[in-house]
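Here is a short report on one protein model.

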Amino acid sequence: MELVFDRVTKQYKNKIAVDRVSFTLKKGVYGLLGANGAGKTTLMRMMCGVLKPDSGEIFYDGKRAGEEAFRNVLGYLPQEFGYYPEFSAMDFLMYLAALKGIPKRQAREKVRELLNLTDLTPVARKKVKTFSGGMKQRLGIAQSLLNDPEVLVLDEPTAGLDPKERVKFRNLISELGNDRIVLLSTHIVSDVEHIADVILVMKDGAVIHQGNLEEIIQVIQGKVWECTLESQEAENLTGKYPVLNMRREKEGILLRLVCGKKPAESARLAEATLEDLYLYYFSEKGQEGGTL
Ligand SMILES: Nc1ncnc2c1ncn2[C@@H]1O[C@H](COP(=O)(O)OP(=O)(O)OP(=O)(O)O)[C@@H](O)[C@H]1O
Ligand SMILES: [Mg+2]
């Protein structure tokens, strides 16, 4: 089980959306983390054969992306998934199963199993238009599993989920990752923190880091500081270094920032988090890795 991206590039007019991306995925859950416009959807659409790369190749166990043999082992939840509002959840899944060429008896069994897996059995006969955002997301995941995919691609599957639904969803994904490749994109740090075995950080079309949580955080570990300062001093530092957080307190302004050396006499080192790393890369200032 091996999915390979080899120098994959995609350009829209004058915008390079995905820039020579290479990586290899094996069994497990991968979190693709990146800000709006980083290129996550473009990368996933190429993987699913919806878009063709301008150059580079995507292979899964000898099958090329876009080929039928690849499609047959692939499940995909697009970022903007079209539901049929007048269909019930059950009818919707049966309909998609028919489109995928699954024989009716087999489809019935599979649909029942997936409704169960996604906790939609109690509402199986209800129309999709009456569903909450989270229920629709779970239905989207159910449809992506109809063909028992070996490779599952989920584009922002947690968008619109409330905290309780998030937890349910994470458990479901972890389970699914036991015997397949799951790649999910998000810009919600806590999602990848909790469910991804490996995190891919994407910025401006490139995958700039890949590793488990500990490895990824290493980039700024030992460089995250907290200090409480009076406003003038705080302002000086804010102009100089990437600020992760700023809070007014009784004693002054509590700053959390990234700096290669101790930024102030009273500064103390803080444990770096994935959120720090994310803010560092994707804050408005657009800090580059080179400033460390
Ligand atoms: N069809 C298109 N035509 C022109 N430019 C596009 C097209 N689709 C995407 N882009 C551009 O390519 C870049 C990558 O877009 P993409 O949708 O892949 O990012 P994303 O990481 O999925 O963002 P989001 O988190 O907002 O979903 C963006 O700059 C976007 O504006
Ligand atoms: Mg997207």
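Which residues does Thr9 touch, not counting residues up to four places away in sequence? Thr9 touches Ile16, Val18, Asp19, Arg20, Met46, Pro53, Asp54 and Ser55. The model is a predicted one. Thr9 is found in strand E1. Its relative accessible area is 13%, so Thr9 is buried.

## The sheet around E1

E1 belongs to an open sheet of four strands. The order is E2-E1-E4-E5, and the pairing is antiparallel. Strand E2 (15-25) and strand E5 (63-64) are the edge strands, and each pairs on one side only. Seven bridges join strand E1 (residues 3-12) to E2 in the antiparallel sense. Gln11 has Ile16 in E2 as its bridge partner. Helix H1 (residues 40-47) packs on this sheet. H1 touches E1, E2 and strand E4 (55-60). The direction of H1 makes about 120° with that of E1.

The magnesium ion (ligand 2) is coordinated by Thr41 (OG1) and Gln79 (OE1). The distances are 1.9 to 2.2 Å. Thr41 counts as partly exposed, at 24% relative accessibility. Gln79 is partly exposed too, with a relative accessible area of 40%.

## Strand E6 and its partner

E6 pairs with strand E7 (residues 151-155) in the parallel sense, over four bridges. Leu77 has Leu154 in E7 as its bridge partner.

## His187

His187 is found in the loop between strand E8 (181-186) and helix H7 (189-195). Is His187 buried or partly exposed? Its relative accessible area is 28%, so His187 is partly exposed. Leaving out residues up to four places away in sequence, His187 touches Leu33, Gly34, Asn36, Lys40, Glu156 and Tyr278. Glu113 is 74 residues from His187 along the chain, and their C-alpha atoms are separated by 30 Å.

## Two domains

The protein chain is divided into domain 1 (3-211) and domain 2 (224-291). How far apart do the C-alpha centres of domain 1 and domain 2 lie? They lie 36 Å apart. The contact takes 13 residues from domain 1 and eight residues from domain 2.

## The sheet of E11 to E14

Another open sheet has four strands, in the order E12-E13-E11-E14. Its pairing is antiparallel. Its edge strands are strand E12 (243-249) and strand E14 (268-269), and each pairs on one side only. Two bridges join strand E11 (residues 224-229) to E14, and these strands run antiparallel. Trp225 has Leu269 in E14 as its bridge partner.

Two helices lie across E11, E12 and E13. Their angles are listed here.

| Helix | Angle and strand |
|---|---|
| H9 (residues 231-240) | about 15° to E13 |
| H10 (residues 274-282) | about 110° to E12 |

## Cysteines

How many disulfides does the structure hold? It holds zero. Cys227 is in no disulfide, and the nearest cysteine sulfur, that of Cys259, is 9.2 Å away. A disulfide needs the sulfur atoms within 2.5 Å. Cys227 counts as buried, because its relative accessibility is 0%. Cys259 also counts as buried, at 3% relative accessibility.

Conventions:
Residues are numbered from 1 along each chain as its sequence is written. Chains are lettered from A and ligands numbered from 1 in the order in which they are written. This is a predicted model: local features need pLDDT of at least 70, side-chain atom pairs count only at pLDDT 80 or more; totals for chains, interfaces and linings use all residues. Side-chain values use heavy atoms; hydrogens and water are left out. Two strands pair if DSSP finds at least two bridges between them. Contact means heavy atoms within 4.5 Å. Axes are lines fitted to C-alpha atoms, for helices over the stretch in contact, and angles run from 0 to 180 degrees between N-to-C directions. Buried means under 20% relative accessible area, exposed over 50%, partly exposed in between (1.4 Å probe, protein chains only). Donors are N, O and S atoms within 2.8 Å of the metal (3.2 Å for Na, K and Ca); water is not among the atoms, so sites may look incomplete. Domain bounds come from an automatic or database domain assignment.
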